Every structure is written in C-alpha cells, then in structure tokens.
Amino acid sequence: MGRQRQHTLSRRRLLRAGTGIAVAGVGASAGIGTGGARGMQDDGNENAENAENAENDENDENGDDPFDAGGPYANVYDDIIDDVVLVNVLGSDDPFGDPGGIGSGFVVGDHVVTNAHVVGDANDVELQFRDEEWREGEVVGTDSHSDLAAIAVDDRPAITDGLSFAADDPVIGQEVLVLGNPLGLDASLSQGIVSGVDRQLPSPTGFAIPAAIQTDAPVNPGNSGGPLVSLDGDVLGVVFAGAGQTIGFAISAQLADRVIPALIEDGEYEHSYMGIGVSPVGPQIAAANDLEEARGVLVSEVVPDSPADGVLEPIDGETAIDGEPVPTGGDIIVSIGDEEIPNEARLTAVLALETAPDETIDLEVIREGESQQVELTLEERPDVDLP
C-alpha cells in the first residue's frame, strides 16, 4: 500500500509543479577508461606506472580519490536523508478552504520539525519516510511569528536517528546543503554557501522573523520545512522559502531551538514584545538630531499601553535637510545590555534570541543628544489577526 500510494502521489506532485522534467543521458566516454592508457605506460616507463600507483594509494588514504563517486556531499546525504520526511497536507473539500500541499520536514528527537505555513490549519498530516511507508502525524504546535511547527508521530521508523540544531552561528562563505522535496521530487539535495546572516523575513503576523540565514543553494516550492545543514551534518536552519535562482532563506537554528521545545511542551511559544516602531539612523537623521555618528535605531512610534509606553519617547518633529524632511526628537536605541544595536535586524535578533517576556532589560538611548540608561519590562506579543 505504501508503494502504491507513493506512485499516485508522485504523479500528483509533478502535475502541481507544472513543469516538464526531463532526464538527460550523459556519455562517460572521455577520461574514465584508464586501462588502455596504463597499457601504453607498461611498454613505455615502468617507473611512471609505479609513481602513479603510489600517488593513487596516497589519494585513497587521504580520501582524495578523484574517481570516488561519493565525496563529502554524498556522505552528508547518506547520514541525514533517513531523517528527512515528506509532509503531505490533505486539502479541504470546501472549494474556498485550504487546498493542502506538500512540503518537507525533518526529525528532531521524537518529533518532526517543519514550517507553520506548510501545515497551515491542519491538525493531522501524512508523513512519508525513506522506507516509503506512510504514517499519520499530529500537529502539536505552530508559531506563525517564526513560521515553525512541530509534529508528533508515534511510530517513526527505526532508520531515523534524529538531527541536531547547530550550536555555532553560521559563517558567511560556509558550505551548506539543502535536503527536501523541491517541486515534489523526493529526497533531493542541493548545495551552496551561506551568503548572508541576520536577515529579516516577512511573516503574516506583521512582525519580522529575525536572525534568518541567506543561501545561494537552490530552494524551490516543496523545500519549505526541510533542513539547511553544514558539512558536519548539523542543522543550521529550517528552510523557509526561495526568492530567486540564487537566493533562499532559512530560519536560524538558534531561533528554532528556542521555539520548537515550547511548541512540543505547550503548543505555543511566547515572543518578547517592546511595542515600538523603529527607523534606521542614517547620516541625515544623525545630523538633524546632533549625533556624533550615525548609529542605532530611532524610535519612530510607541504603541499605547505597550511596555515602551511612558519609557521610550517617539519622534516629535521634523526639520529640512537639503529640502527633504528629516524626523527629529525621539529616543535612539544604541544598545541592549552589553549588545550593541546598529540596526533593526540586530534589535529583533537580540529580543528573539536573548530575552523572554516579563524580563527587564537595560537600554542605552540617546535622548536630546545625551546618553541615558532606561529599564523596560518586556511583555508577550499580543494576538494578531492573521489574513
């Protein structure tokens, strides 16, 4: 039954992809057949043959054999792919309801991690592991703010070991691999590098997803929810989406490692909330507000009855520089505790990764040209009506 279902679903996935997929046969006639070449060397120079054999032996010992069809990518794939799953969300019978879809996920501990946008409003999903058998999964928690979800599965196969979130931050230029089901093609692998860090991603809640990873590894529909891994096999992030042929994004392991345990335990995750809107501080804002240098973020708005209300001051005027209006007044946040805040991306990352609701944080702000220390007690983010 599992195999029969697999054939049916594969056909459905290809129809959803809407693309013709062709496999090109590549001839391997050049440079691989070495017997003839070695035969010629036999007649010509025995020392050359001995030197070649010694070099090949050394390459084999070092794992550098140029004729080895495996290599580091194949090794990581073999180690990890059993923990990567296909997530199938059944559509609603209502023509205006959730149409369902297919995404990716991976095993962490006794649960499967994926994106919240993959599971949508579903309570139950279908999971297919590498043994090609289908299992029912129960969505035990979702968080739209981070676009993460946790799925419980009672009878996950013995071939799964579970993956681990990386303890170290990703490094720009680091090689990475994406595993998942792009365009519904099962158990696929793509390769690239970390091309950016501390990106902010949009979420349907209106709050940005912080500390995201940018990669040039190909990411396509169906990859969402799969792992972005290092060559050591550690999960650096949860694949979020692709924005073009050479730009994809993943939710950082640091954020996922905070959110997923809470989703498993409580079904939800509480995010820190200040209740402000901010703007970057460029040279014009620095000049208009008598700052020695352009740094920090300007508090452009304070939400009434929020933690920041009565603690932080928003902009209260403007001036003209080169004929352009520039905001004046308002606090400029330059640090939280020992963490410098050079921009909004860093502000949201520090709040998400290093604070919790009900915690009191120390802020350094520039107010009317003078540095001041203020305290602010964080709250939980308010509920948001999703579109």
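User: Taking a salt bridge to be a side-chain nitrogen of Lys or Arg within 4 Å of a carboxyl oxygen of Asp or Glu, which residues are linked in a network of salt bridges?
Analyst: This is a predicted model, in which local features need pLDDT of at least 70 and side-chain atom pairs count only at pLDDT 80 or more, while totals for chains, interfaces and linings use all residues. Residues are numbered from 1 along each chain as its sequence is written, and side-chain values use heavy atoms, with hydrogens and water left out. A search of the whole structure gives seven salt bridges. The network links Glu313, Asp331 and Arg367.

User: How many residues apart in the chain are aspartate 331 and arginine 367?
Analyst: The side chains of these two residues, aspartate 331 and arginine 367, form a salt bridge with an N to O distance of 2.7 Å. The pair links distant parts of the chain, with aspartate 331 in the loop between β17 (324-328) and β18 (332-336) and arginine 367 in strand β20 (residues 360-367); helices (H or I, at least four residues) and strands (E, at least two) are DSSP runs, numbered from the N terminus.

User: Are aspartate 331 and arginine 367 buried or exposed?
Analyst: The classes rest on relative accessible area, computed with a 1.4 Å probe over protein chains only: under 20% is buried, over 50% is exposed, and anything in between is partly exposed. By that rule, both aspartate 331 and arginine 367 are buried.

User: Where in the chain does arginine 156 sit?
Analyst: Arginine 156 meets aspartate 110 in a salt bridge of 3.3 Å, N to O. The two are 46 residues apart, and aspartate 110 belongs to the loop between β2 (101-108) and β3 (111-114). Aspartate 110 counts as exposed because its relative accessibility is 53%, whereas arginine 156, at 26%, is partly exposed. Arginine 156 itself is in the loop between β6 (148-152) and β7 (175-180).

User: What is the relative accessible area of arginine 346?
Analyst: Arginine 346 forms a salt bridge with glutamate 339, the closest N and O atoms being 3.0 Å apart. Glutamate 339 counts as partly exposed because its relative accessibility is 25%. Arginine 346 is likewise partly exposed, and its relative accessible area is 22%.

User: By how many degrees are neighbouring strands of the closed barrel turned against each other on average?
Analyst: The closed barrel has six strands in the order β7-β8-β9-β12-β11-β10, with antiparallel pairing; two strands pair if DSSP finds at least two bridges between them. Axes are lines fitted to C-alpha atoms, for helices over the stretch in contact, and angles run from 0 to 180 degrees between N-to-C directions. Between neighbouring strands of this sheet, with direction ignored, the average turn is 45 degrees.

User: Which residue of β11 is the bridge partner of leucine 228?
Analyst: Strand β10 (residues 227-230) and strand β11 (residues 235-244) run antiparallel and are joined by three bridges. In β11, the partner of leucine 228 is glycine 237.

User: Which strands does helix α6 lie across?
Analyst: The 14 residues of α6 (residues 253-266) should span 20 Å at 1.5 Å a residue, and its end C-alpha atoms are 20 Å apart, which agrees; the expected span is 1.5 Å times one less than the number of residues. Among its buried residues are Leu255, Val259, Ile260 and Leu263, and the helix is followed by glycine 267, whose phi is positive, near 85 degrees. Helix α6 runs at about 40 degrees to β12, and it lies across β9 (209-215), β11 and β12 (247-252).

User: At about what angle does helix α4 run to β7?
Analyst: Helix α4 (residues 72-80) lies across β7, β8 (188-201) and β10. To β7, helix α4 runs at about 40 degrees.

User: Where is leucine 183 found?
Analyst: Most residues other than glycine have a negative phi. Leucine 183, however, has a positive phi, near 55 degrees, and glutamate 132, in the loop between β4 (124-128) and β5 (134-143), has a positive phi near 70 degrees. Leucine 183 counts as partly exposed because its relative accessibility is 28%. Its place is in the loop between β7 and β8.

User: What percentage of the 387 residues of the chain count as buried?
Analyst: The chain holds eight helices and 22 strands. Of its 387 residues, the percentage that count as buried is 43%.

Definitions and conventions
Contact = heavy atoms within 4.5 Å.
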